[in-house]
Amino acid sequence: MSGLETELHGQVRVRTVPHLDPEAKAAVARFDWASHGLIITRGSRLVYSAGDHRANGYDAHVALRNELGLPLDCR
């Protein structure tokens, strides 16, 4: 996920939140995850969400490209 900012030429911002941070704990509770997850938002709208070991980088990448209207092979 960390390479997305470069890959998508600044169209996205990647932010990692440590799992013990209050924001991360709130997300775990909100989405009813066991311990961690991956969220993609555009403004206040949720684009992708998956928790624990269901979080999948490929699925998140596809959802993000679909949201941006980009083909999967776009570089």
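## Basis of the model

Residues are numbered from 1 along each chain as its sequence is written, and side-chain values use heavy atoms, with hydrogens and water left out. The model is predicted: local features need pLDDT of at least 70, side-chain atom pairs count only at pLDDT 80 or more, and totals for chains, interfaces and linings use all residues.

## Overall architecture

The chain has three helices and two strands; helices (H or I, at least four residues) and strands (E, at least two) are DSSP runs, numbered from the N terminus. From the N terminus on, the order of these elements is α-α-β-β-α. Along the principal axes, the C-alpha atoms fill a box of roughly 35 × 20 × 20 Å.

Of the 75 residues, 28% count as buried. Here buried means under 20% relative accessible area, exposed means over 50%, and partly exposed lies in between (1.4 Å probe, protein chains only). Contact means heavy atoms within 4.5 Å. Among the contacts with a separation of 6 or more, 26% are accounted for by residues 24 or more positions apart.

## Salt bridges

Side chains of opposite charge can pair when their charged atoms come close. A salt bridge is a side-chain nitrogen of Lys or Arg within 4 Å of a carboxyl oxygen of Asp or Glu. E23 counts as partly exposed, at 40% relative accessibility.

E67 takes part in a network of salt bridges with R42 and R45. The side chains of R42 and E67 meet at 3.1 Å, N to O. R42 lies in strand β1 (residues 37-42) and E67 in helix α3, so this pair ties together parts that are 25 residues apart in sequence. The side chains of R45 and E67 form a salt bridge at 2.3 Å, N to O. That pair also links distant parts of the chain, with R45 in strand β2 and E67 in helix α3, 22 residues apart. Both arginines are partly exposed: R42 has a relative accessible area of 45%, and R45 has one of 43%.

Not counting residues up to four places away in sequence, R42 touches V47, E67 and L68. R42 and V12 are 30 residues apart in sequence, and their C-alpha atoms are 9.3 Å apart in space.

L68 has its place in helix α3. With residues up to four places away left out, L68 touches L8, Q11, V12 and R42. R65 is also found in helix α3, and this residue is buried, with a relative accessible area of 0%. The side chain of R65 makes a polar contact with the side chain of E7 at 2.5 Å. A polar contact is a pair of N or O atoms within 3.5 Å; within protein, one must be able to donate a hydrogen and the other to accept it, and residues adjacent in sequence count only if both atoms are side-chain atoms.

D52 lies in the loop between β2 (45-51) and α3 (57-68). D52 is buried yet has no salt bridge, and the nearest side chain of opposite charge, R54, is 4.2 Å away. In this count Lys and Arg are positive and Asp and Glu negative, whereas His and the chain ends are not counted.

A polar atom of the D52 side chain lies 2.7 Å from the backbone nitrogen of A34. Leaving aside neighbours within four places in sequence, D52 is in contact with W33, A34, S35, H36 and G37. Between L68 and D52 there are 25 Å in space, C-alpha to C-alpha, at a sequence separation of 16 residues.

## The largest pocket

The largest pocket has a volume of about 1000 Å³. Of the 32 residues that line this pocket, the closest to its centre are R15, L38, I39, I40 and T41. The elements that give two or more residues to the lining are α2 (22-31), β1, β2 and α3, and α2 gives the most, with seven residues.

On a 1 Å grid over the protein atoms alone, a pocket is an open set of points where a 1.4 Å probe fits, with protein on both sides within 12 Å along at least five of seven lines; lining residues have an atom within 4 Å of a point. Grid points are joined across faces, edges and corners, and a volume is the space filled by probe spheres set on the points.
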